[in-house]
Amino acid sequence: MDRDPPGARGARTADPRTPRQGVLREAEIVASALSIIERDGVEGLTMRRLSQSLGVSLGATYKHVATKDDLLRMVTAELYTRVLDADAPNADWRPRLRSFLIQMHEVVGSCRGLAAHLAAHSGDPVTGRLYYPLHAALTRAGFAPAGADQVLRVLFFYTSGALLTPVPELARDRAATDFAAGLDMVLDGVAHALVAQALVAERGVTS
């Protein structure tokens, strides 16, 4: 049974005496789910609370979204779209990855508990929307495909670790600054690896 978690603050609900009219749209469902998550975290999101927020019956919600996992997949797709909308495809690989991951840290970090869900579902195909454009940027910069894979694993591990670390509300600005500083250190290592790879390739050509 889909129950509200103990202590969760109630979502704004429509008057049950005046059921809403019209078609329930995916964008509306996702926006309402995000509003609940931003306020009460992923644990505070239930299908019943979502239905109350939308002003529809629980059955009407289930006609559009079969499970909470499906709902979180829709939410994830929306957040990844926000990250991708801020991408700069024509930028050099380093500022592009830096900006991309800082945006991801900010967007996902605004939804308490979502990082843990994403880590548990890292194999979800929706993650490929983030992976492929960055992988292409790294191969264009000179990394072999396997090297680009390794770089992205390291960068996503670093970002996921930062997102999974509990941060008090008053320390969020400091955490964002520390994340950016640590990301610069990781990218320093990536840039060094790219130079080293180029030197090895050059020696192979001249030998």
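Hi everyone, let me start with one side chain: arginine 49 reaches the backbone oxygen of glycine 44 with its side chain, at 2.5 Å. Before I go on, please keep in mind that this is a predicted model.

So where does this arginine sit? Arginine 49 belongs to helix 2, which covers residues 47-54. And is arginine 49 buried or exposed? Its relative accessibility is 1%, and buried means under 20%, so arginine 49 counts as buried.

Now let's step back to the whole chain. The protein chain has nine helices and zero strands, so if you read along the sequence you get α-α-α-α-α-α-α-α-α. Of its 207 residues, 35% are buried. As for contacts in the chain with a separation of 6 or more, 72% of them join residues 24 or more positions apart.

Next, the pockets. The largest pocket has a volume of about 690 Å³. Which residues lie nearest its centre? They are Gly109, Ser110, Leu163, Val167 and Arg172, out of 30 residues that line the largest pocket.

Several helices contribute here. Helix 1 (26-40), helix 5 (93-109), helix 6 (114-120), helix 8 (145-164) and helix 9 (172-206) each bring at least two residues to the lining of the largest pocket. Helix 9 gives the most, with six residues. If you think in domains, both domain 1 (23-66) and domain 2 (75-205) provide at least three residues each to that lining. By residue type, the lining of the largest pocket splits into 16 nonpolar, six polar and eight charged.

On to the second largest pocket, which holds about 460 Å³ of space. It is lined by 22 residues, and those closest to its centre are Leu118, Ser122, Thr127, Phe156 and Ser160.

Which helix gives the largest share of this second lining? That is helix 8, with seven residues. Helix 4 (68-85), helix 6, helix 7 (128-141) and helix 8 each supply at least two residues of the lining of the second largest pocket. In this lining, twelve residues are nonpolar, six polar and four charged.

Key: Residues are numbered from 1 along each chain as its sequence is written. This is a predicted model: local features need pLDDT of at least 70, side-chain atom pairs count only at pLDDT 80 or more; totals for chains, interfaces and linings use all residues. Side-chain values use heavy atoms; hydrogens and water are left out. Helices (H or I, at least four residues) and strands (E, at least two) are DSSP runs, numbered from the N terminus. Buried means under 20% relative accessible area, exposed over 50%, partly exposed in between (1.4 Å probe, protein chains only). A polar contact is a pair of N or O atoms within 3.5 Å; within protein, one must be able to donate a hydrogen and the other to accept it, and residues adjacent in sequence count only if both atoms are side-chain atoms. On a 1 Å grid over the protein atoms alone, a cavity is a set of points where a 1.4 Å probe fits but cannot get out, and a pocket is an open set with protein on both sides within 12 Å along at least five of seven lines; lining residues have an atom within 4 Å of a point. Grid points are joined across faces, edges and corners, and a volume is the space filled by probe spheres set on the points. Ala, Val, Leu, Ile, Met, Phe, Trp, Tyr, Cys and Pro count as nonpolar, Asp, Glu, Lys and Arg as charged, and the others, Gly among them, as polar. Domain bounds come from an automatic or database domain assignment. Contact means heavy atoms within 4.5 Å.
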